[in-house]
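Subject: Structure for you to look at

Hello,

Please find the structure below, followed by notes on what was found in it.

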Amino acid sequence: MEIRRLGATMGAEITGADLNRLTPQEFEAIREAFHAHKVIAIRDQNLTPAAQLAFSRRFGALEDQLNAHYTIDGYPEVLVLSNDIRDGKPVGLVDGGDFWHSDSSHREYPSMATILFAVKNPSTGGDTEFADMAAAFEALTEQMKHRIAGLKGVHAVSKLKNRRVRISARRPDGKDFYERQKAIPDQIWPLVRTHPVTRQKALYLSPRFTIGIEGMAQADADEILDALFEHQIRPEFVYRHKWRDRDLVMWDNRCVIHRATGGYEYPDVRTMHRTVVAGDKPI
Ligand SMILES: [Fe+2]
C-alpha cells in the first residue's frame, strides 16, 4: 500500500489497497492517513454496497440518509448521487452539495466522515473541491482569531432561510422540500472547533448552512461571516479532486468543507454511492 500527498496542505491518494480484504494493519494505516491528510482517495476499488457499508462501519455508526427516496433497495444507509434517468425517473439525488459546506452541520450530531464511491464518472466535469479548515484557521490574523473566539454559528438546513444560497433549477420539488425543512430546529456550534483526535483547531462554518452568529445582530454577524466565507476558500487551502472510476474518497467533515462543481449534463452520467459516518457534537 502506498500513500501520496495530492494537495498543498491536505489530500492523499492510496494505491495498492483492496478494501474487500484489508489486514488490520492496513486498516490502521488508512485510519492514520485519514487523520493526517483529511481527504483520502483510495484508488481502484471494487465495492458492492454491502462492502462499502462494512468498510464505513469500521469507523463508527452510520447516519441515516435524509433523502430516503434515493437509497439503494435493502441498503437504507447507502444514498445514490446520480443524474441518470431510468424509465423517465431520476435514479438518484441530482443537486447535492453545490455550495461549500460540511456535511450535516445542521444536525444534532454532525457527520464525522463522508465516503463516496465513484461508480461512474462523466466524460467532463464532476470534480469535488475540498478546503482545509485547519489551515484556514491557522492563517487567520491574530485579531480575527481573537474576535471569533467563543462565538457560535447558527446552522440551518432549509435553503429558504439562507440568502446566500439558491435552490437548483434541476430540482422541481425543491421549493416544497425546503419549505418543509423550515420547521427543523437550527443548531448552534462554535465557529472554531477542536478535532477530537488530532487536537487541531479548525474553522467550523459554511455559506451553505451558517446563517448567523448566536446573540449577535444580523448586520454585525454578516460582516464576520462574509469575511470568514471569503477567507476559508482561498486557493491555498483548496484541493480539487478529479475523480477516476472506482475511486473511494473519504473526507473529515470536522476539519474540511467541500462542494460539488458540476459541469456535466445528462446523458453524460455521474453516479456515486454515499455513506456517512456519524460524529460527535462539535466543541
Ligand atoms: Fe456534502
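Along the chain, the donors of the iron ion follow the spacing H-x1-D-x154-H. The protein donors are H101 (NE2), D103 (OD) and H258 (NE2), and they lie 2.1 to 2.2 Å from the iron ion. Donors here are N, O and S atoms within 2.8 Å of the metal (3.2 Å for Na, K and Ca); water is not among the atoms, so sites may look incomplete. Helices (H or I, at least four residues) and strands (E, at least two) are DSSP runs, numbered from the N terminus.

This is a predicted model, in which local features need pLDDT of at least 70 and side-chain atom pairs count only at pLDDT 80 or more, while totals for chains, interfaces and linings use all residues. Residues are numbered from 1 along each chain as its sequence is written, and side-chain values use heavy atoms, with hydrogens and water left out.

Buried means under 20% relative accessible area, exposed over 50%, and partly exposed in between (1.4 Å probe, protein chains only).

Next, the chain as a whole. The chain has 6 helices and 18 strands. Its radius of gyration is 18 Å, close to the 19 Å that the globule rule gives for 283 residues, so the chain is as compact as a globular protein of that length. That radius is taken over C-alpha atoms, and the rule is 2.2 Å times the number of residues to the power 0.38. The C-alpha trace spans about 50 × 45 × 35 Å along its principal axes. Of the 283 residues, 55% are buried.

Which residues touch the most other members of the largest nonpolar core? They are F130, I148, L203 and L228, in a core of 40 residues. A nonpolar core is a set of buried Ala, Val, Leu, Ile, Met, Phe, Trp, Tyr and Cys residues joined through side-chain atoms within 4.5 Å. A second, separate core has 26 residues, including I40, F55, M112 and M250. Leaving out residues up to four places away in sequence, L203 touches residues including M133, F137, I148, L228 and H231. Contact means heavy atoms within 4.5 Å.

Helix 6 (residues 218-232) has 15 residues, which at 1.5 Å a residue should span 21 Å; its end C-alpha atoms are 20 Å apart, which agrees. The expected span is 1.5 Å times one less than the number of residues. Among the buried residues of helix 6 are A221, I224, L225, L228 and F229. Their cover includes helix 3 (133-138), helix 4 (142-148) and strand 17.

Some backbone details remain. Y266 and P267 are joined by a cis peptide bond, with omega about 15 degrees. P267 sits in the loop between strand 17 and strand 18 (271-278). D44 is not a glycine, yet its phi is positive, near 60 degrees. D44 is found in the loop between strand 3 (39-42) and helix 2 (49-57). R246, not a glycine either, has a positive phi of about 70 degrees.

Regards
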